[in-house]
Amino acid sequence: MASFKLNNQNLSQIAAKVLVPQYNRSILKTGIVHVGIGGFHRSHQAYYTDQLLHDETTKDWGICGVALLDFDAKIYNTLKEQDGLYTLIVKELDGSLTKSVIGSIVEYLFAPEDPKKVIEKMASPEVKIISLTITEGGYNYDEATGAFNFGNTLIQQDLDNPQAPKTIFGYLTQALKLRKERSLKGCTIQSCDNIQGNGHVAKKMLLSYVRVAEPGLVAWIEANVSFPNAMVDRITPATSALDIEILKESSDIDDAWPVVCEPFKQWVIEDDFIEGRPAWETVGAQFVEDVVPYEKMKLRLLNAGHSVLGILGALYGFSTIDEAASNADISSFLRIYMGNEVTPTLGGLEGVNLKNYKFSLIQRFGNTYIKDQIDRICSQSSAKIPIFILPVVYEQLEKKGSIDYAAFVIAAFAIYSVGVNEFGTQLIIKDAMEIVLNEKAILSRKNPEAFLEIESIFGKLKSNETFVEAYIKAYQNIVQNGIEKSVKDINSN
Ligand code: CS2
């Protein structure tokens, strides 16, 4: 049987096989502009919003998806050809697939093609929320000092050409300026990235930029724009060619870019939306007063857990997270790291059972159907490690707690950054700091401390004797005895 290209016209045929939007997409207002329409946005916020739009009374919260970077042309073109529609494929724990067509993205823009259009859309009175998944690195701060990085050439270009911005900061500044000039209301800027205090960071970075670019706008932003913090969670690996093929074979849907994800999802949000918000709580999101403990729990256990599995897994020669998680030694390492080093830093979580959370993580990491790519997890580690792992190191050093497992992971990352493991497998270093990581990793073969000299990642850690001692011990153990034996060794200490 022929397959149907996913688009509005074919939706009624597709509905015979798969759940499709049961609401009238053509009457929706665009209340949200979302920047960064990769897999995670589409398995998470766009999914929650799609669920909500099934309630007939909700008509104000369609999403306009913005592709910000040249690199995002493919996803933009796909959404354009498919009228904003895409299939979400949930890989259940028993291997079955739950598929649905998601309809909440009703408009899509490609910023490099028409920056003005994006600025106008962000300034449109019906838009109440500008949400972001721009990755950890997208917030443009120096990991060690927390300061906005004006050295970034794109930022300099935005300061020189405010009307044709390239970065999120240039876009937001122009859009908010228009809102102010036109005496329109403000809006909410909602970060959906894995950063501790993501709303606070978004605000701090935007204001740092605006203070230089448009100083007269600072007070208006402070009074008219809110920046809620949130914890976001749903494991969303990169879509493979096989996923696309299986969807076509099993459901006759020809979708150029479906999204695959795990069944679990969580969204804990601070209720601080200055111009109103969708009732996401009716479809499972939690609104809380203080999201900090939830963020810490997720970043330090799930995201750090991913980095541990990814970095160690790569040195073992694995290519997916479930392979690493099912190795008994790596899995014990992870449990001990979570129990002895992370858990002591997680106070103040009323009503959350940490033991159950950690147990469920081990299950989620082990889901053999997800096949989350180790390459995906290890990519941009220079931005992830300072958020996921180092805060635990600093807190533990302060209270004289254990840091040996964290130091081991950093040593493993130094060895990873050479670009090849002890079995001769090439490792892909996809990182904004790729060159410096590789240079320091090579120097570390003679002097392991060289890696810790990357101050924009490790700050002053190289002068902490306790940490350096644990790091060197781990580094030498891995190099001399191999990754497998050294993981066994540390686990048995
Ligand atoms: C991952 C996250 O990027 C990473 O390293 O840990 O993408 C993770 O899968 C998501 O945050 C899950 O919510």
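Because the model is predicted, local features need pLDDT of at least 70 and side-chain atom pairs count only at pLDDT 80 or more, while totals for chains, interfaces and linings use all residues. Residue numbers start from 1 along each chain as its sequence is written. The chain comes out with an average pLDDT (the predictor's confidence in each residue, from 0 to 100) of 96, and 100% of the residues score at least 70. For the model, ipTM is 0.99 and pTM is 0.96.

Strands E2 (residues 30–35) and E3 (residues 62–67) share five bridges in the parallel sense, and valine 35 stands opposite valine 66 in E3.

Helix H3 (residues 45–53; helices are DSSP runs of H or I, at least four residues) is largely enclosed by the rest of the structure, because eight of its nine residues are buried. Buried here means 20 or more other C-beta atoms within 10 Å of a residue's own, with C-beta atoms placed from the backbone. Among these buried residues are Tyr47, Tyr48, Asp50 and Leu52.

As for the ligand, Asn194, Asp233, Arg234, Ile235, Asn303, His306, Ile377 and Lys384 surround it, each with its backbone-placed C-beta atom within 6 Å. By class, that shell has two nonpolar, three polar and three charged residues.

Key: Pairing = 2+ DSSP bridges. Helix = DSSP H or I, 4+ residues; strand = E, 2+ residues; numbered from the N terminus. Nonpolar A, V, L, I, M, F, W, Y, C, P; charged D, E, K, R; others polar. Buried ≥ 20, exposed ≤ 12 C-beta atoms within 10 Å, placed from the backbone.
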